[in-house]
Structure formats: structure tokens, C-alpha cells
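Hi,

Here is the structure I said I would pass on.

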Amino acid sequence: MNYQEISNTIKDCLNLKTSPVSVKLFEKQEYADEILEKSDNIMHYQAIITASKGKSFYGTAKEIGCPIGASILGLKEIPEKILNGSQFDKMNVTSTQESGKALIDSVPKNSSKIEAIGYMPLEDSKIKPDVVVIIAKPRQIFDLIRANAHQKGKRMDNSVGGTQSLCGDIVVNSIQTDEPHISFGCMGSHIATELQEDQVIIGIPVSKLEEIANSLKIVNKR
């Protein structure tokens, strides 16, 4: 798969100002260390935005700053106060501890433990990614939805809860279902990064990437 060619196709068809981002979950840190430099402390959602602007790097549990996000991605154990819903209740994410538990129970979680996560602009990918993440305007995401449906007529199912968006909704859910997923971000990504109010995020599993890019060239002409 020619990642540079696919990246160019997506950027040209959608008139993207930034790059699609390759996200790779590494079972062992040494595998990431062979091809990427370690980052400074950074949030997962900020790492995606930074990579979309041209930087390649990886982070471990020490560098990926959001403790819940790092847990969802498999870098560390999920804290009990998250699993039992008490933290979501305390943060006023949900109205009760019970509803907090129901929410976290529904968030997709990586059941495999990993030691590092790599972030790369798609055109600079040195390894096959697990998921490609694109941050774009709603009209651009609309074209990707059309491209996804073009060959097999498949509708895009989606599940969002306003929390654990770029970790659970975008990365883990796309890997586990092997289907694209859309998110509108979480409070952290809207407060602590340059994610704009008029931007939407889509995660595309690498198995669907080439098909969607090829279809995008067709639907983009209509």
C-alpha cells in the first residue's frame, strides 16, 4: 500500500490543509523505538493534531498524559474510580455513579496491553498503521461517508457518548469493528487542543483505507 499516494488522494479530494494521521499501537516499546523518536509529554488527542501538521513520534504510558485515555488504549490499567463510575459522577459527566458506570461500560476498550503508540502523517508512515485519523469539516467527512458506501452500499454505524472520543470511539472502536467511526471530540480535546468547533474526526481502519481513497476519487467528481 502506497501511503504517500493515498494521503495525497485524500488531501487533494477533500482539500485538506493537514494530513491524515497514522496511529499504530505497539505491543513492545522497542518496536516503536526502531522507527520513531519518543515524544515529550502529550495528550493522545493533541498527539493526533500534532502529527496532522507533519511530525512523527511515539509515546508510552509516561508520555501520553490523559490517564483515562491511556487506559482505554491499553497503556495502563483502568482506574477503579473510572470503572465503577464514581469519577464520571464527581466530574459531572453523568448524574449518578450508576450512570457513570453505564457510560464507561459502553466505551470501547483495548483488551490487549501495549507499551507504546505511534503517530505519523499518513504520507510518512514507516509501518502499517492500525487506524488512520482525519480531522476535517463536516462537508469533507460527508464525502468520506459517501466513499465508504460507494462500493458495497454499506451504511456507517456510529456510537458516541461525548467522552473517550479520540481514544475509545476513534481508535479502539475502529480497530475492533474494522469499520470507520466518527466523533465530535470530548471535553478534553475541545478545551486543551486546537480542535475547532466546526471540525469532526473520523477513524478509518487500515483495511478500508485504500478502498475508501479509491472511491473518494469517484464520488468527489459528482
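Before the first helix I want to show you, one definition: the expected span of a helix is 1.5 Å times one less than its number of residues. Keep in mind, too, that this is a predicted model.

Now to helix H9, which covers residues 165-177. If straight, a helix of 13 residues would span 18 Å, but the end C-alpha atoms of H9 are only 16 Å apart. How much of H9 is buried? The helix is mostly covered, with 10 of its 13 residues buried. Among them are Ser-165, Leu-166, Cys-167 and Gly-168, and the list goes on through Asp-169, Ile-170 and Val-171. Val-172, Asn-173 and Ser-174 are buried as well. After H9 comes Asp-178, which has a positive phi, near 55°.

Then there is the sheet. It is open and has 6 strands, in the order S2-S3-S1-S4-S6-S5, with antiparallel pairing. Which strands stand at the edges? They are S2 (57-59) and S5 (181-183); each has a single partner strand, so one side of each is left without a neighbour in the sheet. On average, neighbouring strands are turned by 25° against each other, direction ignored.

Further in, S1 (residues 21-26) pairs with S4 (residues 131-136) in the antiparallel sense, over 3 bridges. In this pair, look for Val-21, which stands opposite Val-133 in S4.

Last, find helix H3, residues 44-52. H3 lies across S1, S2, S3 (116-121) and S4, and runs at about 30° to S3.

Cheers

Key. Residues numbered from 1 in each chain as written. Predicted model: local features only at pLDDT ≥ 70, side-chain atom pairs only at ≥ 80, totals over all residues. Heavy atoms only, no water. Helix = DSSP H or I, 4+ residues; strand = E, 2+ residues; numbered from the N terminus. Buried < 20%, exposed > 50% of the residue type's maximum accessible area, 1.4 Å probe, protein only. Pairing = 2+ DSSP bridges. Axes fitted to C-alpha atoms, helices over the stretch in contact; angles between N-to-C directions. Contact = heavy atoms within 4.5 Å.
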